[in-house]
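I opened this model to look up a few local features and kept short notes as I went. The entries follow in the order in which I wrote them.

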Amino acid sequence: MENVLEANVRLVDNGLKFECTADDQPPIYTDHPLTSKPAEGYSPIQLVLIGLATCSGGTAVALLRKFRKDVGGFSVAAFGTLREQHPLSFSRIDLAFTVVSADATEEDVKLAVAKAEEKYCPVWAMIKGNVEVAFTVEVKRP
C-alpha cells in the first residue's frame, strides 16, 4: 500500500476563499485578493513559503537536538521573490535561520540546515532544481 496524504479544499464564498483541511487537523483558509475585497486567508504561494520554512526549520531543530545542542529559541524568515510573468512562481527564496542557543555554533546550524536541504526536508526536495534557495544563519546567546 502506498503512503498517501489527503487534503481537501472547499469554496466557501462567492470569491476565491477556500476552507482547507488535512486529516483531523483544524481548517485553515486560503484566499486570492480581489479588487473588491481584501484577502481573508493565506495565498497558496504564501503556504509554500510557510511549508518550506517549517519543514526546514523543524528538521534543523531536530538535528541540533540530536547533536545535543541547546535550542532555546528558533525562527525562520522566508522571503520569496516572484517571477514577473505568469505563472507568478518563485524565482528565488531566501531563508534566514535564527537560533538562540547557549552552545550551538554557526557551523552547527549550517550543518543542520544543509542536512535538511540535502536529505530530510521533503518540501525543499520538491523545490530544489526549480527555485534558487539561499540561506543565512545567525546564532544568538541567551
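**Backbone entries**

I began with proline 87, which I find in the loop between β4 and β5; strands here are DSSP runs of E with at least two residues, helices are runs of H or I with at least four, and both are numbered from the N terminus. The model is a predicted one, where local features need pLDDT of at least 70 and side-chain atom pairs count only at pLDDT 80 or more, while totals for chains, interfaces and linings use all residues. Residues are numbered from 1 along each chain as its sequence is written, and side-chain values use heavy atoms, with hydrogens and water left out.

The peptide bond joining histidine 86 and proline 87 is cis, with omega at about -5°. I noted beside this that most peptide bonds are trans, and that most residues other than glycine have a negative phi. Aspartate 23, although not a glycine, has a positive phi of about 50°, and I place aspartate 23 in the loop between β2 (18–22) and β3 (28–30). Arginine 68 is likewise not a glycine and has a positive phi of about 65°; its loop runs between α1 (44–66) and β4.

Are these two residues, aspartate 23 and arginine 68, buried or exposed? Aspartate 23 counts as exposed at 62% relative accessibility, and arginine 68 is exposed at 73%, where buried means under 20% relative accessible area, exposed over 50%, and partly exposed in between (1.4 Å probe, protein chains only).

**Sheet entry**

I then traced an open sheet of three strands in the order β4-β5-β6, with mixed pairing. Its edge strands are β4 and β6 (132–140), each of which pairs on one side only; two strands pair if DSSP finds at least two bridges between them. Strand β5 (residues 90–100) runs parallel to β6 and is joined to it by nine bridges, and phenylalanine 97 stands opposite valine 137 in β6.

**Cysteine entry**

How many disulfides does a search of the whole structure find? It finds zero, a disulfide being a pair of cysteine sulfur atoms within 2.5 Å. For cysteine 20, the closest cysteine sulfur is that of cysteine 55, which at 19 Å is too far for a bond. Cysteine 20 is buried, with a relative accessible area of 13%, and cysteine 55 also counts as buried, at 15% relative accessibility.
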